[in-house]
Amino acid sequence: MFDPKELKREFPIFKNHPNLVYLDNAATTQKPQSVIEAEEAFYTNQNSNVHRGIYPLSEEATNAYEAARVATAKFINADPTEIVFTSGTTDSINGLARSLELSHLLRNQPTILLTLLEHHANLLPWQRIGENRKLEFIPLDKKFKLDLNEIENITNEIDLLAVTHLSNVTGTLNEVSNILKIFAAKFSVIDAAQSIAHIPIDVKTWNADFIAFSGHKMYAPTGIGVLYGKRSLLDKMEPFRVGGGIVSEVNRESASWAEVPTKFEAGTPPIAQAIGLAAAIKFLSQLGWESIQHHEQTLRLYALERLQSISGIEIFHPPAAEVHGGIVSFALSGIHAHDIVQILAEDNICVRAGHHCTHVLHKEVLKQPGSVRISFGVYNSEEDIDKLIDSLKKVQQMFGN
Ligand SMILES: Cc1ncc(COP(=O)(O)O)c(C=O)c1O
């Protein structure tokens, strides 16, 4: 187990902002010194483009970039050829949708099964697939969990199942293996943007076809993300972006592609960011999943307990013991989410207000124009939550509740 206050010293942002209470980790995490140094070391010692030069510096850069792919593959128990570097989850899912379409792997009128929890990054790309696609949604029960008893209406053959692992609003943790078994879709994609830094993921256990996640939500730099795909599928798929570095041959009117994953990484890739991602993976691995999960579970339970003391609060969260991860969202009766967050900001508390890119969830399930979300990282402590509660009490006083 680690001491979050000790760990905080490894994050320069807290040295520069000693009073910062950062509870917006679902939006992006802060970066440890080791990640910042890894990027800096690349730029100061190895900077050159990858895969193209045969001079030593370029070879070194290529080796470091490919080593980052190997580390990422190991992190989720995949093969390095199954790791496509992208700019983030949004880019991964957009690319996947485009590639499935270009490769004619979906029927003309595909049925796509989603959930009411999906972030826009895992909804809008599917809204644009084909002209006659049919989108179906798994509803939620009163505990903000997927209601798998309400699925008899979903009778169509499912071409693609697109499900978030961990909701970025309710903190609902979906049982991926179970859902994939129940629906037996032709293709499956899991949005792991919110779980990747909090819950160990093993691609072999899930057996999902595709998984997307972002580096910046797991203590890595911005501008790097991953699209994992099963090798047998990636081999059959068209690149979603074309340009330099991905061909085996080009003629005036046609081109043939390099092997996976190269064929999906046209143009200069995010080299320094991939190296930063490898450093973040090392950082997480050194902490260990058991410690990370114990820490976040303790914080989440403490936060849930303390939040109950705020009158007029409505917490949108499954039963505390039934999930993992560190996301809790709520509303205060009669007070707009933006007003709450503005007052918290005056106390140096960073939390997020709004619909969190989940309009459908807010409109159809939460029935709220927006919510306030707190989300934890490894450097948060109970003290942060105490400050949040004090500040929320101040909000109540100001609004006369
Ligand atoms: C569940 C979920 N999916 C996808 C995304 C998009 O991630 P990115 O902005 O890094 O592409 C987010 C971002 O908040 C998210 O929470």
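Me: By class, what residues make up the shell around the ligand?
Reply: The shell around the ligand has three nonpolar, eight polar and two charged residues, where Ala, Val, Leu, Ile, Met, Phe, Trp, Tyr, Cys and Pro count as nonpolar, Asp, Glu, Lys and Arg as charged, and the others, Gly among them, as polar. This is a predicted model, in which local features need pLDDT of at least 70 and side-chain atom pairs count only at pLDDT 80 or more, while totals for chains, interfaces and linings use all residues. Residues are numbered from 1 along each chain as its sequence is written, and side-chain values use heavy atoms, with hydrogens and water left out.

Me: And which residues are the closest to the ligand?
Reply: Of the 13 residues that surround the ligand, the closest are Thr90, Asp191, Ser214, His216 and Lys217; a residue is counted if one of its heavy atoms lies within 4 Å of the molecule.

Me: Which atom of the ligand is 2.5 Å from the side chain of Asp191?
Reply: A nitrogen atom of the ligand lies 2.5 Å from an N or O atom in the Asp191 side chain. For His216, an N or O atom of the side chain is 2.7 Å from an oxygen atom of the ligand, and for Lys217 a side-chain N or O atom is likewise 2.7 Å from a ligand oxygen atom.

Me: Switching topic, how many salt bridges are there?
Reply: The count comes to 18 salt bridges, each being a side-chain nitrogen of Lys or Arg within 4 Å of a carboxyl oxygen of Asp or Glu. One of them pairs Asp384 with Lys8, with the closest N and O atoms 3.9 Å apart.

Me: What does the pair of Asp384 and Lys8 tie together?
Reply: Asp384 lies in helix α14 (residues 382–398) and Lys8 in helix α1 (residues 4–8), so the pair ties together parts that are 376 residues apart in sequence. Helices here are DSSP runs (H or I, at least four residues), as are strands (E, at least two), numbered from the N terminus.

Me: Where is the cis peptide bond?
Reply: The cis peptide bond joins Val260 and Pro261, with omega at about 0°, and Pro261 lies in the loop between β10 (255–257) and α10 (271–287).

Terms used:
A polar contact is a pair of N or O atoms within 3.5 Å; within protein, one must be able to donate a hydrogen and the other to accept it, and residues adjacent in sequence count only if both atoms are side-chain atoms.
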